[in-house]
Amino acid sequence: MRINEYNSLDEFKSQYTGVWNPSENQWLGLDFSYDGVEYRLNTGPMYESENTVLPDGKIAVFSLYQKCPDPSSGRDYVLLEEFASLDDVLDSTCIKGIPFRQIIMDDRTELLGQD
């Protein structure tokens, strides 16, 4: 049974490019669950005031986090990886060695919230 609300990769991509405008389905972040674990895709960093400069000199525009298993850490999420573009996010394999493009379109991926 499919629980994922995205019907195409283009539908997902269109929500995380351009200027943030929820009334036009543009979002800053996405909370989702995959294989029983909660994650967050965020535009920019969640806990830092400035964007990260990546080793290749590009500015990180997106960050991927996993829900923190240890609430005593003081943070709700742990950073997995940062990316300069949405294409870099889609190519990432930081979740279980699986390309993010497959995870975000997987029938079992559940969208928990957007802001």
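Is Thr109 buried or exposed? In this predicted model, Thr109 counts as buried because its relative accessibility is 0%, and the cut-off for that label is under 20% relative accessible area. The residue sits in the loop that runs between helix H3 (100-105) and strand E5 (110-114).

Leaving aside residues up to four places away in sequence, Thr109 touches Ile3, Asn4, Phe32, Ser33, Tyr34, Ile103 and Ile104.

## The largest nonpolar core

The largest nonpolar core holds 19 residues, and those that touch the most other members are Phe12, Leu30, Phe32, Ile95 and Phe100. At least two residues of this core come from each of strand E1 (29-34), strand E2 (37-43), strand E3 (62-67), helix H2 (86-91) and H3. Phe32, named here among the core residues, is also one of the residues that Thr109 touches. As a general background, nonpolar side chains in soluble globular proteins tend to be buried together.

## Strand pairing

Strands E2 and E3 run antiparallel and are joined by 5 bridges, and within this pairing Thr43 has Phe62 of E3 as its bridge partner.

Strand E3 also pairs with strand E4 (residues 77-83), again in the antiparallel sense, over 6 bridges. Here the bridge partner of Lys67 is Tyr77, which belongs to E4.

Notes: Residues are numbered from 1 along each chain as its sequence is written. This is a predicted model: local features need pLDDT of at least 70, side-chain atom pairs count only at pLDDT 80 or more; totals for chains, interfaces and linings use all residues. Side-chain values use heavy atoms; hydrogens and water are left out. Helices (H or I, at least four residues) and strands (E, at least two) are DSSP runs, numbered from the N terminus. Buried means under 20% relative accessible area, exposed over 50%, partly exposed in between (1.4 Å probe, protein chains only). Contact means heavy atoms within 4.5 Å. A nonpolar core is a set of buried Ala, Val, Leu, Ile, Met, Phe, Trp, Tyr and Cys residues joined through side-chain atoms within 4.5 Å. Two strands pair if DSSP finds at least two bridges between them.
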